[in-house]
Amino acid sequence: AVLAEAFEYGAREHATCTDNDPPGAANTMVYFRTTRRLRELLGVYGWEKCNQDNQASVVNRDLGLRIVVTTFDDALGNPDKQPKNRNEKRSAAEKRVRCNKTGWLPGLPAPQLEDVSKDSLQTWILAVHVGEEDVKAELLLPLNCLGGIYCEFDSRIYLTGPSSEPFGEEAESASGPDDGFPEIEIDVSPL
């Protein structure tokens, strides 16, 4: 429920963007607001915000886990397709993915590898795609990051189905008159 609340919050912020926003603003809002909401929600459970290597995340050192929010293409949520992140990632992402390949489990001694993240946390990706009529999300454990693109996932946990419920105006209108509230007509005319 925490992950769903976080990515749905980001999706609602996506819906606030118009053609007057700069290109890419809507997906950037998904990243910003989903990350913020994830930090707010998990913070009460002992997770901490982390900006190590300029990569925004939320970490739980006791569990040995990190979650990074990233926007993905529309292949997300489809088990027959390989989803890709929308924007290339940098060296911090590649270092963290190398740590994921070690087979290390929280509670066991961390392996000694060269050039991996100093904290040796397992990094999961909260991947989000906001389409015109749906929102898709997965929790991914990437094993490779080639040319800035996450690939070869050890685990893909589907947080939404292939066609999620619509959001925004469509979701509100889909509730119809049987939502338990009486319909009220208001005459709106110029003064």
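Reader: Before we start, when do two strands pair?

Author: Two strands pair if DSSP finds at least two bridges between them. Please also keep in mind that this is a predicted model.

Reader: Understood. Which strands form a hairpin here, and how many residues are between them?

Author: The hairpin is made by β2 and β3, with four residues between them.

Reader: How many residues of β3 are buried?

Author: Six of the seven residues in β3, which covers residues 65-71, are buried, and the strand is thus mostly covered.

Reader: Let me step back. How many helices and strands does the chain have?

Author: The chain has four helices and six strands. For the chain as a whole, 40% of the 191 residues are buried. The chain exposes about 11,600 Å², and 50% of that is supplied by carbon and sulfur atoms.

Reader: What share of the contacts joins residues at least 24 apart?

Author: Of the contacts between residues at least 6 apart in sequence, 56% join residues at least 24 apart.

Reader: What is Leu126 in contact with?

Author: Setting aside neighbours within four places in sequence, the contacts of Leu126 include Leu3, Phe7, Leu38, Ile67 and Leu159.

Reader: On to the helices. Which residues of α1 are buried?

Author: In α1, the buried residues are Ala6, Phe7, Tyr9, Gly10, Ala11 and His14. They pack against α2, β4 and β5.

Reader: What covers the buried residues of α2?

Author: Their cover includes α1, β1, β2, β3 and β4. Among the buried residues of α2 are Met29, Val30, Leu38, Arg39 and Leu42. This helix has 19 residues and reaches 26 Å between its end C-alpha atoms, close to the 27 Å expected.

Reader: How many aromatic pairs are there?

Author: The count comes to one aromatic pair. It is formed by Tyr31 and Phe32, with ring centres 5.7 Å apart.

Reader: Why is that pair tilted?

Author: The ring planes of Tyr31 and Phe32 meet at 45°, so the pair is tilted: the range for that label runs between the limits of 30 and 60 degrees. Tyr31 is partly exposed at 26% relative accessibility, and Phe32 is partly exposed at 42%.

Reader: Another topic. Which residue other than glycine has a phi near 60°?

Author: That is Asn54, where the value is positive. Asn54 is in the loop between β1 (48-50) and β2. Its relative accessible area is 77%, so Asn54 counts as exposed. Glu152 also has a positive phi, of about 50°, and is not a glycine.

Reader: Where is Glu152?

Author: Glu152 is in strand β6, residues 149-158. It counts as partly exposed because its relative accessibility is 44%.

Reader: One last item: what does Asn87 touch?

Author: Apart from residues up to four places away in sequence, Asn87 touches Thr71 and Gly148. Asn87 and Gly148 are 61 residues apart along the chain, with their C-alpha atoms separated by 7.8 Å. Asn87 belongs to the loop between β3 and α3 (91-100) and is partly exposed, at 47% relative accessible area.

Note on methods. Residues numbered from 1 in each chain as written. Predicted model: local features only at pLDDT ≥ 70, side-chain atom pairs only at ≥ 80, totals over all residues. Heavy atoms only, no water. Buried < 20%, exposed > 50% of the residue type's maximum accessible area, 1.4 Å probe, protein only. Helix = DSSP H or I, 4+ residues; strand = E, 2+ residues; numbered from the N terminus. Contact = heavy atoms within 4.5 Å. Areas by Shrake-Rupley, 256 points an atom, 1.4 Å probe, with all protein chains shown as cover. Phe/Tyr/Trp six-rings, centres within 6.5 Å; stacked < 30°, edge-to-face > 60°. Expected span 1.5 Å × (residues − 1).
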